[in-house]
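The exercises below ask you to work through a structural model step by step, with a solution after each task. Please keep the sequence and the coordinates at hand while reading.

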Amino acid sequence: MTTIPAVAPPSAPAVDLNRRLKPGVAFGWLAAGWRDFIASPLQSLAYGFIVFVISLAIIGGLFAFGLDYILFPALAGFMVVGPVLAVGLYEKSRRLAAGESISLARMIFVKPASAGQILFAGVLLCLLMLLWMRSAVIIYALFFGLRPFRGLDHVAPMLFATPIGWAMLVVGGAVGGLFAVFSFAISAFSIPMLLSRRVDSFTAMGTSMALVWNNLPVMLTWAAIVLALFLVSVATGLIGLIVVFPVLGHGAWHAYRAIAQPAE
């Protein structure tokens, strides 16, 4: 596999782009995330509860304004902006590793090394999420025309009982997959990097993409774990996010430390 070269400026620590970690290492990151979760669990639970409440408020707003037709794209878009929402969890894991004290206030009011750049990266990811949601609406219109959305109770028959529905699933899945791969590649390591290092967002995103590509087996395993646990959370009416989101956030920090630590 072709190795993508580093994009970090000379002032940034060198990064070993290809750690050659085995795919099973991803489960170790999940276990490390759980250990960080149960270390002062109230802070992580409170953080997860805040994310849960925000998610419910957004979904409630979609229904209140008659935008329920973008519910499923919005749920998928949550995974695009998830790394930004998890900054406080990265901070807790960072402080635990350094033997420092941690509180919910420090998790919410984080002081990143590249604060303005994290904000900029968050805006870019939000724009990417909006672009995906608009693309999903266009794909729906291309297959079903400019007809009113008939409600969530008609989604399953519409998609799975008609040839047009299956065709839309194939095309929508392909387009959504491209958005998912790109957003995962640019955000998996960029947000933790901006938290811990002084670097610009484009450099962090480019480095993240290189790191994901050059460590593809273990990162695909980690992506599958994240997706599976997110689907479990959706199946529980998002209640599972209260635990799942913090565990994944802590695990993502350990993935960053394992993959993106400076080369010796």
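**Exercise 1. Locate Arg94 and Glu91 in the fold, and work out which salt bridges tie Glu91, Arg94, Arg95 and Glu100 together.**

Solution. The model is a predicted one, in which local features need pLDDT of at least 70 and side-chain atom pairs count only at pLDDT 80 or more, whereas totals for chains, interfaces and linings use all residues. Residues are numbered from 1 along each chain as its sequence is written, and side-chain values use heavy atoms, with hydrogens and water left out.

Step two is to find the bridges, a salt bridge being a side-chain nitrogen of Lys or Arg within 4 Å of a carboxyl oxygen of Asp or Glu. The structure holds three of them. Arg94 meets Glu91 at 3.0 Å, N to O, and Arg95 meets Glu91 at 2.8 Å, N to O, with Arg95 and Glu91 both in helix α4, four residues apart, about one turn of the helix. Arg95 also bridges to Glu100, with the closest N and O atoms 3.0 Å apart. Through shared partners, these salt bridges join Glu91, Arg94, Arg95 and Glu100 into one network. As a general point, side chains of opposite charge can pair when their charged atoms come close.

**Exercise 2. Decide whether Glu91, Arg94, Arg95 and Glu100 are each buried, partly exposed or exposed.**

Solution. The cut-offs come first: buried means under 20% relative accessible area, exposed over 50%, and partly exposed in between, with a 1.4 Å probe and protein chains only. Glu91 has a relative accessible area of 4% and is therefore buried, and Arg95, at 15%, is likewise buried. Arg94 has a relative accessible area of 26%, so it is partly exposed, and Glu100, at 35%, is partly exposed too.

The surroundings of Glu91 complete the step: leaving aside neighbours within four places in sequence, Glu91 is in contact (heavy atoms within 4.5 Å) with Arg106, Val110 and Leu195.

**Exercise 3. Describe helix α6, and characterise the aromatic pair that Phe120 forms with Phe202.**

Solution. Helix α6 covers residues 115-144, that is 30 residues, and reaches 44 Å from its first C-alpha to its last, close to the expected 44 Å, where the expected span is 1.5 Å times one less than the number of residues. After α6 comes Gly145, whose phi is positive, near 80°.

For the pair, rings of Phe, Tyr and Trp (its six-membered ring) count if their centres lie within 6.5 Å, and planes under 30 degrees apart are stacked, over 60 edge-to-face and the rest tilted. A search of the whole structure finds nine aromatic pairs. Phe120 and Phe202 form one that is edge-to-face, at 5.5 Å centre to centre and 75° between the planes. This pair links distant parts of the chain, since Phe120 lies in helix α6 and Phe202 in helix α10 (residues 201-214), 82 residues apart. Phe120 has 34% relative accessibility and so counts as partly exposed, whereas Phe202, at 53%, counts as exposed.

Methods. Helix = DSSP H or I, 4+ residues; strand = E, 2+ residues; numbered from the N terminus.
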